[in-house]
Amino acid sequence: GLSGDADVRAEGIVIDEDGTPAFTLVTPDGAAEVHLPVPGRHNVYNALAASAVGVYLGLTLDEVVVGLESATFSKWRMETFQSATGITIINDAYNANPTSMRAALSALGDVPTRGRRIAVLGDMAELGSLAELAHFQLGEQVPASRVDVLVTVGERGRRIAEGALASGMAADVVRPCESAEEASEVLDDLAAPGDTVLVKASRVMGLERVVEGMIEPRVQ
């Protein structure tokens, strides 16, 4: 199991069909089944941290479980929905740093899908002088993360693409784009019913336009 605080742990973690985790929370007061309302295996760690705090503050096991099952985890603003064409979209186009990017890729890998997993990744803002390297290093992790197609947006996003290629991702499934508009066009050609698309970047990238383009197809 995963350990948060020494006193709480998660056992028997399963990822449901919609990507949300369920597990047995084991605490000094006993054990209980928990089903988180948000996708992503990484949120089990968040839940354990929250549980440890709750136990420390003297909440009962029932109170901790109710708290977890109604949590929104606003820090991981993942919205999941289906487009009219049967594509699952995981929208996290609000903020991005290397840790949340990796967590999002891991969540994408956990979501069962009939089709391919497509990651649309844009620039991470506010990284200062380390930005180029951080984007490249993130890209290096993409081939190992069960992503079938990588679409990058923006100048630093291109460094993500370069990192993925350097780590052995096939060139024909890496698509660097200059803008959100170009990424939308690439997705129009690329995404098919049954695919799952993760859209993740810092808000300044305007990648919510990519999501809107997929939900409401543009009239030709």
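D195 and R116 are joined by a salt bridge, with their closest N and O atoms 2.9 Å apart; the term stands for a side-chain nitrogen of Lys or Arg within 4 Å of a carboxyl oxygen of Asp or Glu. This pair links distant parts of the chain, since D195 sits in the loop between α6 (180–190) and β10 (196–200), while R116 sits in the loop between α3 (98–110) and β7 (117–122), 79 residues apart. Helices (H or I, at least four residues) and strands (E, at least two) are DSSP runs, numbered from the N terminus. The model is predicted, so that local features need pLDDT of at least 70 and side-chain atom pairs count only at pLDDT 80 or more, whereas totals for chains, interfaces and linings use all residues. Residues are numbered from 1 along each chain as its sequence is written, and side-chain values use heavy atoms, with hydrogens and water left out.

A search of the whole structure finds four salt bridges, including those in the table.

| Pair | Closest N to O |
|---|---|
| E11 and R9 | 2.8 Å |
| D195 and R116 | 2.9 Å |

Residues are called buried under 20% relative accessible area, exposed over 50% and partly exposed in between (1.4 Å probe, protein chains only). D195 is buried because its relative accessible area is 2%, whereas R116, with 30%, is partly exposed.

T88 belongs to strand β6 (residues 88–92) and, at 18% relative accessibility, counts as buried.
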